[in-house]
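Q: Hi! Could you walk me through this structure, one piece at a time?

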Amino acid sequence: REAMMAERDWDALAKQQLSEFFSMSEKDRMDELMRMNDLYSQFDLSELADGGKVNDSVLLEKHGPVGLAKMYLAGSEDPLVEKDLSKAASYFLLGADQGDPEAMYCYGQRLKKGQGVKADVEQAIKYFKDAAEKGHANSMNWLGHIYEKGDGVPADVAEAVRWNTQSAEAGDSWAQTKMGMRCLKADGVDADDEAARKWLGMAAKQGAKAAISKLAELDAGDLD
């Protein structure tokens with residue numbers, strides 16, 4: 001019996017059960033949770049080695065894959081969740097498979113950093129691009145960084161500018177500031193003071209301190 005237990009792929013089984021759980025209708029999921037709660041109520045969970053920690057399925061229903069993944073990423077005291085990078089990666093992947101762009105981005109980060117999964121920059125870029133296609137600005141920013149620095153891929157300033165521009169147009173203040181500075185310094189684009197002020201102004205309206213400071217510097221220079 002112990003040999004059979006040891007041979008089971010428990011991670012695969014857990015993923016299969018979670019997939020089946022989220023394929024249920026909302027009513028069926030609630031019925032399943034009630035059934036499990038009724039089952040647990042028959043036991044004194046305080047006597048268990050885990051001190052009666054909340055079951056993952058309950059947390060998953062309440063917080064979703066990304067919420068639960070972030071609990072495992074950093075650990076949580078309330079509810080009690082011990083830090084587990086492998087589980088964090090698994091729940092980010094679950095959310096990514098369901099089409100959540102934040103989950104795609106976060107799973108891409110795990111792949112990029114090798115946290116809870118084997119580092120794989122090529123796959124990280126794939127997940128960043130999948131999220132970016134759904135309008136996820138941080139994914140666009142990371143793609144810009146990766147291509148500008150040649151971080152795991154050949155450096156490509158034009159591709160970096162493309163992602164910076166896409167993020168700025170989506171309303172991200174960091175990317176708007178970045179594009180403003182590019183236009184001032186002719187960094188990957190033609191020098192264009194008017195475009196620089198446009199991007200910096202958009203970022204400043206969102207409270208971006210770097211953009212506000214640079215605009216003040218430019219205005220002071222115009223007065224000299």
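A: Happy to! One term to begin with: buried means under 20% relative accessible area, exposed means over 50%, and partly exposed is in between, using a 1.4 Å probe and protein chains only. By that rule, buried residues make up 36% of the 224 residues in the protein chain. This is a predicted model, where local features need pLDDT of at least 70, side-chain atom pairs count only at pLDDT 80 or more, and totals for chains, interfaces and linings use all residues. Residues are numbered from 1 along each chain as its sequence is written, and side-chain values use heavy atoms, with hydrogens and water left out.

Q: Let's zoom in on α6. How many of its 13 residues are buried?
A: The count is 10 of the 13, so α6 is largely enclosed by the rest of the structure. Among them are Y105, C106 and L111. The buried residues of α6 pack against α4, α5 (85–97), α7 (121–132) and α8 (137–149).

Q: What span should α6 have?
A: The expected span of a helix is 1.5 Å times one less than its number of residues. For the 13 residues of α6 that should be 18 Å, and its end C-alpha atoms are 18 Å apart, which agrees.

Q: How do α6 and α7 pack?
A: Their axes are 8 Å apart, at an angle of about 165 degrees. That makes α6 roughly antiparallel to α7. Angles under 35 degrees count as roughly parallel, over 145 as roughly antiparallel, 65 to 115 as roughly perpendicular and the rest as oblique. The axes are lines fitted to C-alpha atoms, for helices over the stretch in contact, and angles run from 0 to 180 degrees between N-to-C directions.

Q: Which residues meet there?
A: Including Y105, G108 and L111, residues in α6 meet residues in α7 that include A124, Y127 and F128. By class, this contact of α6 with α7 has 10 nonpolar, three polar and two charged residues. Ala, Val, Leu, Ile, Met, Phe, Trp, Tyr, Cys and Pro count as nonpolar, Asp, Glu, Lys and Arg as charged, and the others, Gly among them, as polar.

Q: And α4 with α6, at what angle do their axes cross?
A: The axes of α4 (residues 56–74) and α6 (residues 101–113) cross at roughly 30 degrees and come within 10 Å. That makes α4 roughly parallel to α6. V66, K70 and L73 of α4 make the contact with E102, A103, C106 and R110 of α6.

Q: Switching topic: is S139 buried or exposed?
A: S139 is buried, with a relative accessible area of 0%. S139 is in helix α8. Leaving aside neighbours within four places in sequence, S139 is in contact with Y105, F128, A131 and A132.

Q: Last one: where is D172?
A: D172 is in the loop between α9 (157–169) and α10 (173–185). D172 is buried, with a relative accessible area of 17%. Setting aside neighbours within four places in sequence, D172 is in contact with A137, N141, S167 and Q206.

Methods. Helices (H or I, at least four residues) and strands (E, at least two) are DSSP runs, numbered from the N terminus. Contact means heavy atoms within 4.5 Å.
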